[in-house]
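Colleague: I have the sequence and the structure open side by side, and I'd like to walk through some of the side-chain packing with you. Could you start with the aromatic residues?

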Amino acid sequence: MASESAGQAGDGPGLVVDLSRLASASLATAGGKALNLGRLAVADFPVPPGFCLTTAGYRAAAPPALDAIAARLDGAGLDGTGAGSFDGARSPEETGRYDGGRGLADDDRNHLARQAREAVLAAPVPPGVEAAVRDAYAALGSGPVAVRSSATAEDLPFASFAGQQDSFMDVDGADAVVQAVRRCWASLWTDRAVAYRSTNGISHREVGLAVVVQRMVDATTAGVLFTANPVTGTRTQTVINASAGPGQAVVSGAVNPDHFVVETASGRILQQPKDQPPTLTGAQLRELTSLGDDAQQLFGAPQDVEWVIDGGGKAWLTQSRPITTLYPLPDDDPLNGQAAPATTDGADTRVYLCGTLLQGLTRPITPMGLSVLGLMRGSNKGPWKYANPGLRMYVELTPIFRNKSGRQALEKMLPLADGRSAAVLPALLEDPRFSVTRPPRRKSGRRGKAAPARKRAKGSEGTKSLGLVLGLIPAMVRALLWPDRELRRAQRYQDRLADQLVLPLPATAARRLQHTEDILATSINKLIQATLPAPSVGYLTLAMARRLLRGIAKPRELEAVLRGLPHNVTTMMDLELWHLAVSLGRDPEARRAFMELEPGELAARYRAGTLPVPAQSALQAFLSTYGHRAVAEIDLGMPRWSEEPDHILGMVSNYLRVEDPELAPDRQFARAAEHAEARISELVERAGAKSRLRGRLVALCLRRTRQLAGLRELPKFCIVLVLAEMHRQLAEVGAELVKNGTIGAAGDAFFLDFDELRVGLRGADLRGIVAARRRLYDVELRRRRVPRLLLSDGTDVEAAMMAAEAALPQASADRLAGTPASAGTATGKVRVVMDPVGAHLEPGEILVAPSTDPGWTPLFMTAGALVMEMGGVISHGAVVAREYGIPAVVGVADATTRLHDGQSITVDGAAGTVTW
């Protein structure tokens with residue numbers, strides 16, 4: 001185009017560039033929309049001709065006042081640092097550090113956004129820029145055009161910014177085009193665009209905006225297509241929405257478009273309108289599907305494509321951007337930023353179960369945390385195969401699905417672990433892709449022929465696992481015969497473990513790193529052998545009692561036996577925290593501090609040593625014993641309570657609000673224990689009525705259950721003790737790497753693995769690796785829906801079932817249902833808690849949460865009942881609820897969105913219902 005050189009500045013880009021020559025431009029020059037259109041045009045896709053006014057035009061036109069406004073949006077009155085500068089594994093919201101202006105109140109942010117828009121609209125368009133636009137428009141042939149915004153922070157792999165900036169259709173005349181360009185520039189500062197950038201941690205000072213001007217296509221039909229199903233995540237399906245006329249109506253939601261689902265590889269139509277003639281023919285659907293698939297192959301990721309069909313039947317692509325909401329594929333490598341190759345044939349589909357959801361975690365795990373978990377389980381050398389899509393741990397279940405015995409075991413066990421996963425299990429078991437298969441017959445080989453290395457490795461791992469299990473048997477026998485002796489033995493081991501973890505000082509960073517790897521390699525198996533036998537016996541004797549009581553008592557009656565269990569380290573911790581709060585409540589100065597100050601302020605005073613003396617000393621004593629614990633504590637990268645005591649301090653404040661003696665946690669725990677003893681006496685009497693021997697056996701089994709089952713938390717408690725020491729040493733390594741300039745913050749160490757840290761100690765710059773992983777981690781922190789069952793083609797099985805039923809699970813307007821987890825009923829006001837850190841729960845309020853782990857349990861002490869979106873009857877929240885004697889319903893879909901703070905509800909833990 002004649003105008004391409006207009007406004008040229010040195011070797012930089014011109015003001016105006018033809019779309020067909022834009023593919024080699026940068027994101028900072030052309031913005032996401034224009035850059036993608038340029039790549040499509042160069043690859044000979046049908047793209048309407050047009051040009052791009054680069055960001056140089058916006059920079060030239062931006063008024064001076066804009067810099068100050070953007071700086072205020074970025075700074076938010078805090079430390080002014082940008083995304084990625086926060087320390088540790090916390091998100092910016094959790095740490096209180098600034099990230100993209102999220103510290104501003106909505107009204108303040110919107111006021112600044114309005115000031116920016118008004119400044120841009122009032123500023124004159126520079127003559128050189130206006131001339132370049134007019135010349136390019138004339139060269140395009142004038143006539144109606146589409147003028148569309150193309151921001152540098154749009155159509156990104158992690159944030160699409162779809163619809164955040166403005167576009168204008170049927171713009172006719174040079175004056176109108178120039179005015180539309182100005183309005184596009186101003187739309188960079190709409191309330192929604194500013195809020196979206198803030199949410200995604202993108203600096204307002206660095207963003208720019210290009211403008212795409214394209215010849216209008218006289219559309220007879222238009223719409224959008226997705227090269228992967230955006231609802232179910234299935235990568236083998238193309239979803240197309242279409243409506244007569246221009247596509248803007250479909251994109252904006254102004255019409256109800258026809259909805260089509262097409263099998264991408266074959267072109268087979270899986271879903272289309274039934275009650276009226278469809279807007280697209282089969283041939284047109286196949287052509288659009290093929291165009292979409294080709295665009296996906298070009299960009300290397302699933303695409304959201306806008307298209308139009310003109311009067312002559314020709315299809316045009318007017319936009320293509322990545323679909324940013326899809327859950328990653330199991331074959332993706334999140335730590336190295338490698339996505340699985342795009343595929344549409346669905347061959348060899350596999351099924352995965354989310355292990356971190358079963359552990360009570362909805363948040364992602366840090367890269368170091370994932371690496372350590374992988375080493376603990378043998379780095380995929382055993383029979384179980386794992387994957388880490390979305391920085392969460394998934395275990396492959398395909399071999400179990402294809403085995404008859406495995407299916408039977410899964411049908412028995414999965415409902416106990418996660419009711420919602422169990423609900424979709426039947427559909428998967430009926431899926432022919434996962435049908436039972438017979439293992440191939442072994443061919444007899446020649447004598448002396450060596451087995452393949454892989455089989456030898458598997459045999460070695462199996463032998464190790466068998467040896468570990470057999471090694472537990474003597475200890476289990478001792479626990480059954482002499483439970484008190486086993487309790488003392490477990491306590492001695494815990495003390496020895498703490499001593500063994502100590503690293504002699506002084507120590508170099510390299511020595512600290514080696515010590516961290518050594519304690520991981522040497523501690524876990526010994527820990528399991530020392531702490532697992534006793535609780536295993538406790539639950540085995542409970543199973544024996546259940547069998548002895550068949551026909552005498554219902555299985556649910558035995559749940560009461562597990563209430564108020566002694567020797568549970570987590571319960572003991574919670575009760576100690578309660579007693580700490582009671583003691584502080586007697587000191588006027590300490591009570592006033594905890595009632596008036598926020599947890600963050602209390603934590604700052606604790607670290608400074610300026611809390612009232614009784615509080616300072618009591619908290620030091622408590623954290624010396626339990627400071628290694630944390631929320632999401634199985635993630636090595638999470639800060640421990642000894643580093644960030646905010647959560648514990650908030651719990652003390654909550655406990656100080658308990659005024660009714662009957663709601664006191666120690667009183668409730670004692671009542672639960674009394675209830676358990678009464679139930680044992682009742683069950684023994686009923687069994688004795690059948691036969692004296694049966695009564696004695698039931699008594700023995702239930703007494704052993706009471707003595708030993710509470711130790712079920714000890715193995716994890718000790719594992720977390722190991723992880724906490726590893727965390728402490730790695731934080732010191734991180735601090736050394738900061739001094740060397742290898743990383744930017746000590747917490748960056750948790751976004752690397754051991755080998756990378758070793759390379760960093762030799763001087764390699766790891767800041768780029770850390771920045772990319774922190775971006776991914778922050779994206780995953782904001783993800784609200786995590787697939788519990790995920791197929792290798794990306795299908796979220798639960799979402800697919802909902803879509804097949806054409807609606808979300810049906811529930812009456814005043815009722816939610818889930819899995820009964822702890823019997824009893826409670827009526828109270830809802831308190832929705834997404835993160836326990838800093839959470840406030842009044843005594844008797846109903847705790848509604850996505851999931852829980854041991855870090856949440858202090859909240860249970862004052863909760864009237866528990867409602868959880870995840871879990872089954874053996875999930876952590878359910879078990880603890882039963883021990884504390886509070887009603888609980890788990891596996892309640894969408895509980896945190898259907899219920900709201902202050903709403904009065906009734907929880908029936910026996911029926912599994914929540915009503916209002």
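Modeller: Keep in mind that this is a predicted model. One place to begin is an aromatic cluster formed by Phe-622, Tyr-626 and Phe-717.

Colleague: How many aromatic pairs does the count come to?

Modeller: The count comes to seven aromatic pairs. One of them brings together Trp-578 and Tyr-655, whose ring centres are 5.7 Å apart with the planes at 75°, and because planes over 60 degrees apart count as edge-to-face, that is the name this pair gets.

Colleague: Which charged residues lie over a ring of Trp?

Modeller: Lys-314 lies over the face of Trp-316, at 4.9 Å from the ring centre, and Arg-485 has its charged end over the ring of Trp-482, 4.6 Å from the centre of that ring.

Colleague: Which salt bridge ties together parts that are 129 residues apart in sequence?

Modeller: That is the salt bridge of Glu-557 with Arg-686, in which the closest N and O atoms are 2.9 Å apart. Glu-557 lies in the loop between helix 19 (533-548) and helix 20, while Arg-686 lies in helix 25 (residues 665-690), so the pair ties together parts that are 129 residues apart in sequence. Glu-557 counts as buried because its relative accessible area of 19% is under the 20% limit, and Arg-686, at 27%, counts as partly exposed.

Colleague: What about Glu-677 and Arg-706?

Modeller: The side chains of Glu-677 and Arg-706 also meet in a salt bridge, at 3.6 Å from N to O. This pair links distant parts of the chain, with Glu-677 in helix 25 and Arg-706 in helix 26 (residues 692-708), 29 residues apart. Glu-677 is partly exposed at 31% relative accessible area, and Arg-706 is buried at 6%.

Colleague: Which residues do salt bridges with shared partners join into one network?

Modeller: That network consists of Asp-418, Arg-420, Arg-785, Arg-788, Asp-796 and Glu-798.

Colleague: One last thing, Gly-909: where does it lie, and is it buried or exposed?

Modeller: Gly-909 lies in the loop between strand 22 (904-908) and strand 23 (913-915), and it is buried, with a relative accessible area of 0%. Leaving aside neighbours within four places in sequence, its contacts include Arg-556, Pro-820, Gly-824 and Val-889. The C-alpha atoms of Gly-909 and Ile-886, which are 23 residues apart along the chain, are separated by 8.4 Å.

How values were computed:
Residues are numbered from 1 along each chain as its sequence is written. This is a predicted model: local features need pLDDT of at least 70, side-chain atom pairs count only at pLDDT 80 or more; totals for chains, interfaces and linings use all residues. Side-chain values use heavy atoms; hydrogens and water are left out. Rings of Phe, Tyr and Trp (its six-membered ring) pair if their centres lie within 6.5 Å; planes under 30 degrees apart count as stacked, over 60 as edge-to-face and the rest as tilted. A charge sits over a ring if NZ of Lys or CZ of Arg is within 6 Å of the ring centre and within 35 degrees of the ring normal. Helices (H or I, at least four residues) and strands (E, at least two) are DSSP runs, numbered from the N terminus. Buried means under 20% relative accessible area, exposed over 50%, partly exposed in between (1.4 Å probe, protein chains only). Contact means heavy atoms within 4.5 Å. A salt bridge is a side-chain nitrogen of Lys or Arg within 4 Å of a carboxyl oxygen of Asp or Glu.
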